[in-house]
Amino acid sequence: LRIENNGEDKSSIRSSWANAMDISNVMPRTVFSVDEEGGGPRRFELAIEITLCPSVFSRTKLITLYPRYQIVNLLNVDVFVAQCGSIGTETQIPKQTSSAFHWDEASLPPQIRLSAALQREDAFVSRGIWTNGCIQLDRIGITSMRLPIIDSISAMDGGVGSIVIQAEVRLASKDQSCAVVVVIWSTAG
């Protein structure tokens, strides 16, 4: 398996080839990774699942690829997610949606930080105010932290408010299209 993306902005990403995988048998979601070609810093972590097709096609195998990490934003604000130590390469996740997440720097630990988005002139931009703590993606559990928020009231004062959020890292259920789900929500009603 090899990943290739030729972006609209003329940038391209190409991974090296993954190690050989046995696809002759049915297997549950199994995680594997491929690094960027040429020793680049990126790492793409995926999950593969092999099942048998139903009924008449029962001798046919269905091979499904999923992202390893899916981040679900249940907040009422858009957030930016970035790997700790690689803040300049954030991914925007609009409110009440989800997005796959891959590592921009394979050598760094599997931790992410969050920043709330501020809308300006029909575009969302990160204010660069990141959470103090990190969310460990390699450990199942819940992390509580404050997410700095700049809203119209606190912006007039030049100050920054915050909301308390929870981030739960858990294994995905069978009907979710990933291996690990990170759910982010506010503790305030």
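1. What share of the 189 residues in the chain is buried? The answer is 35%. Please keep in mind that this is a predicted model, and that every value below is computed from it.

2. On secondary structure, you will find 15 strands and 1 helix in the chain. Of the contacts with a separation of 6 or more, 44% are between residues 24 or more positions apart.

3. A nonpolar patch on the surface is worth a look: Met21, Ile23 and Ile63 form it, and together they have about 230 Å² of accessible area. To find Ile23, go to the loop between β2 (12-14) and β3 (27-35). Why is Ile23 classed as partly exposed? Its relative accessible area is 40%, and the partly exposed class runs between under 20% for buried and over 50% for exposed.

4. Now for the charged pairs. How many salt bridges does a search of the whole structure find? There are 6, and the next points take up some of them.

5. Asp35 and Arg43 join their side chains in a salt bridge, with 2.8 Å from N to O. Asp35 is partly exposed at 29% relative accessibility, and Arg43 is partly exposed as well, at 25%.

6. Glu36 and Arg42 make another salt bridge, where the closest N and O atoms are 3.2 Å apart. Here the two partners fall into separate classes: Arg42 counts as partly exposed at 27% relative accessibility, whereas Glu36 counts as buried at 13%.

7. Is Glu45 buried or exposed? Glu45 counts as buried, because its relative accessibility is 11% and the cut-off for buried is under 20%. Arg68, with a relative accessible area of 22%, is partly exposed.

Conventions. Residues are numbered from 1 along each chain as its sequence is written. This is a predicted model: local features need pLDDT of at least 70, side-chain atom pairs count only at pLDDT 80 or more; totals for chains, interfaces and linings use all residues. Side-chain values use heavy atoms; hydrogens and water are left out. Helices (H or I, at least four residues) and strands (E, at least two) are DSSP runs, numbered from the N terminus. Buried means under 20% relative accessible area, exposed over 50%, partly exposed in between (1.4 Å probe, protein chains only). Contact means heavy atoms within 4.5 Å. Patches are made of residues with over 30% relative accessible area and no salt bridge: like charges are joined within 9 Å, nonpolar side chains (Val, Leu, Ile, Met, Phe, Trp, Tyr) within 5 Å. Accessible areas come from the Shrake-Rupley method with a 1.4 Å probe; for residues, only the protein chains shown count as cover. A salt bridge is a side-chain nitrogen of Lys or Arg within 4 Å of a carboxyl oxygen of Asp or Glu.
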